[in-house]
Amino acid sequence: MKWPTYRKLAKRAESLGLNRLVRLMGSWRGLLVLTYHRVGDAECCEFDRGVYSTDEASFAQQMEFIHRHFEVVGIDDVVRRPADDWKKRQAVMITFDDGYVDNYEIAFPILQRLGISALFFVTSGFIDRRSIAWWDEIAWMMRKQYAGSSQNEIDDAIVQTVEGYYEIPEAEFEDYLNRVGDVAQTGRFEGASPVWMNWDMLREMAAAGMSFGGHTVSHPILTRTHSGNWEHELTEGRRRLEEELDVDVQVFSYPVGNPDCFSVDIKQQTAKHYRAAFSCYGGVNQGKSAGSWDRFDLRRWPVFGSMKQFRLTTTWPQFLN
Ligand SMILES: [Zn+2]
């Protein structure tokens, strides 16, 4: 669904009191999986502000809302419960991708206070090497190049340059970033990226009952990556998480997660190492079709926008597919 349509719908549904009515009736059955990236104040960030799902106050509101209205489930429920079981439930699972430090500093204390166990898909190379993600590096370059321009101009430059990155083959990624750095007159980002959690933070979260999933070593878009690299990305990311956190990593999420970011072949290879894998599009995994769920394309909804939009997502997720 297009963003303006979604925003209009959210406003209309809220003003008519429809969301509350549907919640009382229980409109959908199945499993709704929400995806977060960053939580906090995007305005202070010199990297990609587009990966902020929400701010701290809204995140707390969202978690309280979920806690009050739905059954919050964890990954054990998803991999163990029989398919028929989901027909009766309105279950929500909370997930985070990539490993951003605000997941620990901001989201984790709120989750703990409410007793919610979330699932964190962590890119092991970001934690090990402190390397900057390409989208954060592009945003950092554009923000410097367009310093003094309006926020809209900066946002447009970032979106266009990130979209350009999606269009090129893997072998040209580094050249592309070098060229962008030259044109922006910033050069490449040097040093450690300050945006990632560290293993101690992740260990503390594991000890407090949070769970973890694989999200590769270096966050490549797998369909754009040579198939010879898939095995390493799938298994080494998992191995590092299990080694550092002493946890059993059973599930995976595809980097970026749009339908064109994984293929039948990638799903088959993923199935050799994981019990389930998550994409990042669509709405609820419907109860009525639970028997035919594709366990290697479990749908997730990326959270963004206001509390009104959040209420719309959780009330009518069946229309977001
Ligand atoms: Zn990711």
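**Notes on the zinc site and a helix pair**

1. The zinc ion takes its protein donors from D98 (OD), H215 (NE2) and H219 (NE2), which lie 2.0 to 2.2 Å from it. Donors here are N, O and S atoms within 2.8 Å of the metal (3.2 Å for Na, K and Ca), and water is not among the atoms, so sites may look incomplete. This is a predicted model, where local features need pLDDT of at least 70, side-chain atom pairs count only at pLDDT 80 or more, and totals for chains, interfaces and linings use all residues. Residues are numbered from 1 along each chain as its sequence is written, and side-chain values use heavy atoms, with hydrogens and water left out.

2. Along the sequence, the zinc donors follow the spacing D-x116-H-x3-H. D98 sits in strand β5 (residues 90-98) and H219 in the loop between β7 (211-214) and α11 (230-245), so this pair, 121 residues apart, links distant parts of the chain. Helices (H or I, at least four residues) and strands (E, at least two) are DSSP runs, numbered from the N terminus.

3. Are D98 and H219 buried or exposed? D98 counts as buried because its relative accessibility is 2%, and H219 counts as buried at 4%. Buried means under 20% relative accessible area, exposed over 50%, partly exposed in between (1.4 Å probe, protein chains only).

4. S193, found in the loop between α9 (173-184) and α10, is also buried, at 3% relative accessibility. Leaving aside neighbours within four places in sequence, S193 is in contact (heavy atoms within 4.5 Å) with R130, S131 and I132.
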